[in-house]
Amino acid sequence: MPAPIKSYVRCVDAVNRVVGRCVMWLVFVMMGVLLWSSGSRTLFDTSYIWVVETAQFVMTGYYLLGGGYSMQLDSHVRMDLLYSRWAPRTRAAADALTAGLMLFYLAVLLVGGISSTQYAIAYGQKNYSSWAPPLAPIKIVMVIGIILMLLQVVAEFFKDLAKARGETLE
Amino acid sequence: MSYPLIAGLMFSSMMLLLLTGQRVFAVIGFVAAAFALALWGQGASEMPFAASIQLLNWYPLLTLPLFIYMGYMLSESGIADDLYRMFHVWAGPVRGGLAIGTIGLMVIISAMNGLSVAGMAIGASIALPELLRRGYDKVMVTGVIQAGSSLGILIPPSVVLILYGMIARQPIGQLWLAGVFPGLLLAGLFIGYIALRCWIQPGLGPPLPAAERQVGWGEKIRLLGAGILPLLIFFLMTGLFLMGATSLVESAAVGAAASTVVAILRRRLSFQVLEDTVRKTLSISCMFMWIILAALCFGAVFDGLGAVNAIRLLFLDQWELGPWQVIILMQLTYLLMGTFLDDTAMLVIVAPLYIPLVVSLGFDPVWYGVLYTISCQIAYMTPPFGYNLFLMRAMAPPEISLRDIYVSIVPFVLVMILGLCIIMVFPQIALWLPSLYYGA
């Protein structure tokens, strides 16, 4: 594999690993926000309209920004009726062949995300709720998550291609 | 080309592409995006992203990472060690008693968590080695753990019923209560099956040797105390939610926090354990969320094709089926699809097509949710595709082969189908508790 590809893969792997390992702790933020909401309501009889929505935003960032790292961890299930019987090299070849499916889906996701974010910025779109927070920030986070996922999918494609050809990228 | 034909083409191309072994979310997302663009041109390019905005506003999904976290934390906390010992001592002397005790253990785990992951992790790490060491038949034990842990999605709390509730627009509290007795019924049927089987073939599950049975009554009573902590967690989560003290998502946060406290009190919480738990939580949450994201888009395209009406026309006008025939046909298609398709994707794609029809035929959607969940449980175990199957393969010791795992589920799936039929004939089993609690 050419050197630029190797450094691309190394770089993307490193970025997504760092992002993913930071984002994974957000589960405590969700827990904390929701506990605080139930605590303050039961103890002090005050409730806040922004609590659940904040947790929703955190959740969205959690799974979209964590997407790239989840690809590295190979967390995504497959229908492995045939796949599980193939040799590792055949699997890598099949994955490299069908990587286009994933790229296409993520690309459409990204196009939609960018146009939706532009709309949110241009018209100051607010969420349809009583708190009505602006939607642009979370949409930007979502688009970043999709881009990170896309970069990781390309990196995985190179890894599979190398494996299918009997090389390693390290 | 007619719309129903396109819908059929969409479905079959998804099945074909899944065979390549590419990740499920990618295949579903690709088919959805490609058909959307082909059908409606550039304007449809926003459909996949629109699904993520829909997910953003489906706040009950916040329970998903919290329940996953809680499941892993509970299995790390060692809370199940004492519980297992309790069942071991109390049920051990009977033939097949340890397997029966394992079902009991699974019922308690299920009452604390809304997925089957926790039960699988605990079953494979604690119950499985013990049972094998005591000469239990490996095929039966494997089946016991898979079937028992699948109760996690039926006995409240349940993430599958939350997802169903969002799609069918039904109150989660009622759905959870409706799951209680069907869950216990299934557990009872499992126990009945194990007892009967081991009574006929004692070699499958020998009773504990006399030496191990010498446990004093004081010790026996003391061991019952192991049940107090799970009961407390159940009350904090499901109890407070049903009483209206906490909202659904808050109750999941309370449960996640409680499981962490248990781990701290039992001195099992090291930084390593915490990091592992948090990483696995992200991993499983991402898997589910990306599948739901892609499946929502797929469902939206299906909806645009008028698939709901097409199914109604096909079932009611063309085939002229009666209401019960429709219900039975739906369950059969679920069971069939569940063997091949991802179970979460199936819920998101197929449930919106069936639920309007179920309601218009005059059936109770809460009852249908229970039937649906039991079908899901079966789908979790039936090869080639099922979550419990995956987990079992990853966690099973080497002496348990793939064939053992496949064979092990057969009797339990039959028992579950029996349970499904009982609940179809007697809907009161599901509906009595919610109508009692909420008033008819």
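Analyst: Chain B holds 22 helices and zero strands, where helices (H or I, at least four residues) and strands (E, at least two) are DSSP runs numbered from the N terminus. The model is predicted: local features need pLDDT of at least 70, side-chain atom pairs count only at pLDDT 80 or more, and totals for chains, interfaces and linings use all residues. Residues are numbered from 1 along each chain as its sequence is written, chains are lettered from A and ligands numbered from 1 in the order in which they are written, and side-chain values use heavy atoms, with hydrogens and water left out.

As to overall form, the C-alpha atoms of chain B fill a box of roughly 75 × 50 × 50 Å along the principal axes. Its radius of gyration is 22 Å, which agrees with the value near 22 Å for a compact globule of 440 residues; the radius is taken over C-alpha atoms, and the globule rule is 2.2 Å times the number of residues to the power 0.38. Of the 440 residues in chain B, 62% are buried (buried means under 20% relative accessible area, exposed over 50%, partly exposed in between, with a 1.4 Å probe and protein chains only). Among contacts in chain B with a separation of 6 or more, 82% join residues 24 or more positions apart, a contact being heavy atoms within 4.5 Å.

The backbone exceptions lie in loops. Most residues other than glycine have a negative phi, and most peptide bonds are trans. B:R267, not a glycine, has a positive phi of about 55 degrees. This residue sits in the loop between α14 (248-265) and α15 and counts as exposed because its relative accessibility is 76%. B:E320, also not a glycine, has a positive phi of about 50 degrees; its loop runs between α16 (307-318) and α17 (323-340), and its relative accessible area of 64% makes it exposed.

Finally, the pocket. α15 (271-304) and α20 (387-395) of chain B each supply at least two residues of the lining of the largest pocket. By class, this lining has 15 nonpolar, five polar and seven charged residues (Ala, Val, Leu, Ile, Met, Phe, Trp, Tyr, Cys and Pro count as nonpolar, Asp, Glu, Lys and Arg as charged, and the others, Gly among them, as polar).
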